[in-house]
Amino acid sequence: TALPILESLCNNQGRYAEAAPLYEKALAIRLKVLPPESPCVATTVNQLAILYRKQNEFGKAEPLYKQALEIREKSLGESHPSVATALNNLAVLYCKMRNYAAAEPLYQRALRIYEETLGPTSPRVAETLRNLAVLQYDKGDLESAASIYKRCTDLKDFDLTMTKPLISVSRAPSEYGKLDWAADAEPV
């Protein structure tokens, strides 16, 4: 149908007030025709959560991220890459909320799942390492951030041009001193 195209278009153009009702309508339709534990339902719930996160409506986003995670765990198993993506998305939200204690174990679990299912050199592993490095930097642990970021950049299959850069090479002192990180971790 045209609904997913419209909701995505509104979301990508920053027209969140128009996109939210479309996502909610899509979710209502999916819940009528699919079981509530369907991965398709989880995808729509996750998209709605992302929309709310982009509007800084964290109170609305958090339960939706948790719901998407729960659906994916039940329908796909606790070690599926889609579960890792849901964990990563919830962790990104917690980082935006400055709740690093809640975010870190989610990133760690997502990292383990990606490494076990996709392999240690997967771009998803590198992206999750990047998010962990940003988290460590935001916590003020520059040594740990630099170590994790180095591990991320050492992955030969990871193309850093595909994501926001973590450091500005022209401004970064030698040996990872004070790092100039991107403002936000992006969901995988």
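Trainee: Is cysteine 95 buried or exposed?

Mentor: Cysteine 95 is buried, at 9% relative accessibility. Buried means under 20% relative accessible area, exposed over 50%, and partly exposed in between (1.4 Å probe, protein chains only). Keep in mind that this is a predicted model: local features need pLDDT of at least 70, side-chain atom pairs count only at pLDDT 80 or more, and totals for chains, interfaces and linings use all residues. Residues are numbered from 1 along each chain as its sequence is written, and side-chain values use heavy atoms, with hydrogens and water left out.

Trainee: New topic. How many salt bridges?

Mentor: Seven. Each is a side-chain nitrogen of Lys or Arg within 4 Å of a carboxyl oxygen of Asp or Glu.

Trainee: What does glutamate 115 pair with?

Mentor: Arginine 151, with the closest N and O atoms 2.3 Å apart. Glutamate 115 is in helix H6 and arginine 151 in helix H8 (residues 142-154), so the pair ties together parts 36 residues apart in sequence. Helices are DSSP runs (H or I, at least four residues), numbered from the N terminus.

Trainee: How exposed is arginine 151?

Mentor: Partly exposed, at 39% relative accessibility. Glutamate 115 is partly exposed too, at 23%.

Trainee: Which residue does lysine 150 meet in a salt bridge?

Mentor: Aspartate 154, at 3.0 Å, N to O. Both lie in helix H8, four residues apart, about one turn of the helix.

How values were computed: Helix = DSSP H or I, 4+ residues; strand = E, 2+ residues; numbered from the N terminus.
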